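Here is a short briefing to read alongside the sequence and the 3D view. Keep both open as you go, and start with the open space before moving on to the fold.

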Amino acid sequence: RKVQGARVDPPINENGVQQAINLGKALCRLDPAPRRFFSSSLQRAQMTAQIAADEINANIKIERLQSLSEVDFGPAAEGQPIALAKAGMQATYAAWATGRIDYRPRGGQGESGRDVSRPLD
């Protein structure tokens with residue numbers, strides 16, 4: 001398993017497709033059923049939303065929101081095995097949680113806490 005944040009945007013795999021189908025089947029049992037889905041601009045998020053929505057009703061609107069973007073941990077983490085990146089990601093969250101919101105992940109190339117706390121769309 002690899003870190004898939006803002007810089008890595010692969011399509012979902014067969015497991016992800018099945019999970020999206022299962023999500024759609026579960027959501028279609030709600031009363032009322034969803035009429036709208038929200039997604040980040042990442043390909044895998046849009047694919048998941050579309051597959052789940054199609055299980056409910058092909059006419060469900062899927063709206064992309066920039067505010068749903070994933071955290072950019074920078075090139076030190078993105079695409080790396082989770083085991084290698086985990087400590088750096090935890091250090092980043094710990095810095096933000098203790099008020100150091102301008103802290104950026106290793107190398108200073110990822111997003112700061114201030115960047116990710118931007119207002120919703």
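Which element gives the most to the lining of the largest pocket? It is α1, with three residues. Please keep in mind that this is a predicted model. The chain holds four helices and two strands, and along the sequence they follow the pattern α-β-α-β-α-α.

**The largest pocket**

- The volume of the largest pocket is about 270 Å³.
- Its lining is made up of Q4, P10, P11, I12, N13, N15, G16, Q19, R44 and T48.
- Two or more residues of this lining come from each of the elements α1 (14–27) and α2 (43–56).
- By residue type, the lining of the largest pocket has three nonpolar, six polar and one charged residue.
- As for how such space is found, rolling a probe the size of a water molecule over the atoms shows where empty space is left.

**R44, a residue of the pocket lining**

- R44, one of the residues that line the largest pocket, is found in helix α2.
- Is R44 buried or exposed? R44 counts as buried because its relative accessibility is 9%, and the cut-off for buried is under 20%.
- Leaving aside neighbours within four places in sequence, R44 is in contact with Q4, G5, V8, D9, P10, P11, I12 and E70.
- Among these contacts of R44 are Q4, P10, P11 and I12, and Q4, P10, P11 and I12 also belong to the lining of the largest pocket.

- A20 lies in helix α1 and counts as buried, because its relative accessibility is 1%.
- Which residues does A20 contact, leaving aside its neighbours within four places in sequence? They are T48, I51 and A52.
- T48, one of those contacts of A20, is also among the residues that line the largest pocket.
- A20 and A53 are 33 residues apart in sequence, while their C-alpha atoms are 8.8 Å apart in space.

**The two strands**

- Strand β1 (residues 36–39) pairs with strand β2 (residues 61–64) in the parallel sense, over four bridges.
- Between these strands the chain passes from β1 through α2 to β2, and this β-α-β crossover is right-handed.
- Across the pair, F37 stands opposite I62 in β2, and F38 stands opposite E63 in β2.
- Which residues make up the covered face of β1, and which the uncovered one? F37 and S39 are on the covered face, whereas R36 and F38 are on the uncovered face.

- D31 and P32 are joined by a cis peptide bond, with omega at about 5 degrees.
- P32 is found in the loop between α1 and β1.

- T92 lies in helix α3 (residues 82–97) and counts as buried, because its relative accessibility is 0%.
- Setting aside neighbours within four places in sequence, T92 is in contact with F73, Y103 and P105.
- Where is P105? P105 sits in the loop between α3 and α4 (113–116).
- P105 is buried, because its relative accessible area is 4% and buried means under 20%.
- Not counting residues up to four places away in sequence, P105 touches D72, F73, T92, G110 and E111.
- P105 and Y93 are 12 residues apart along the chain, and their C-alpha atoms are separated by 9.2 Å.

**The chain as a whole**

- Taken along the principal axes, the C-alpha atoms fill a box of roughly 45 × 30 × 20 Å.
- What share of the 121 residues in the chain is buried? Buried residues make up 31% of them.
- Of the contacts in the chain with a separation of 6 or more, 66% are accounted for by residues 24 or more positions apart.

How values were computed. Residues are numbered from 1 along each chain as its sequence is written. This is a predicted model: local features need pLDDT of at least 70, side-chain atom pairs count only at pLDDT 80 or more; totals for chains, interfaces and linings use all residues. Side-chain values use heavy atoms; hydrogens and water are left out. On a 1 Å grid over the protein atoms alone, a cavity is a set of points where a 1.4 Å probe fits but cannot get out, and a pocket is an open set with protein on both sides within 12 Å along at least five of seven lines; lining residues have an atom within 4 Å of a point. Grid points are joined across faces, edges and corners, and a volume is the space filled by probe spheres set on the points. Ala, Val, Leu, Ile, Met, Phe, Trp, Tyr, Cys and Pro count as nonpolar, Asp, Glu, Lys and Arg as charged, and the others, Gly among them, as polar. Buried means under 20% relative accessible area, exposed over 50%, partly exposed in between (1.4 Å probe, protein chains only). Contact means heavy atoms within 4.5 Å. Two strands pair if DSSP finds at least two bridges between them. A crossover is right-handed if, with the strands pointing away from the viewer, the path from the first strand over the helix to the second runs clockwise.
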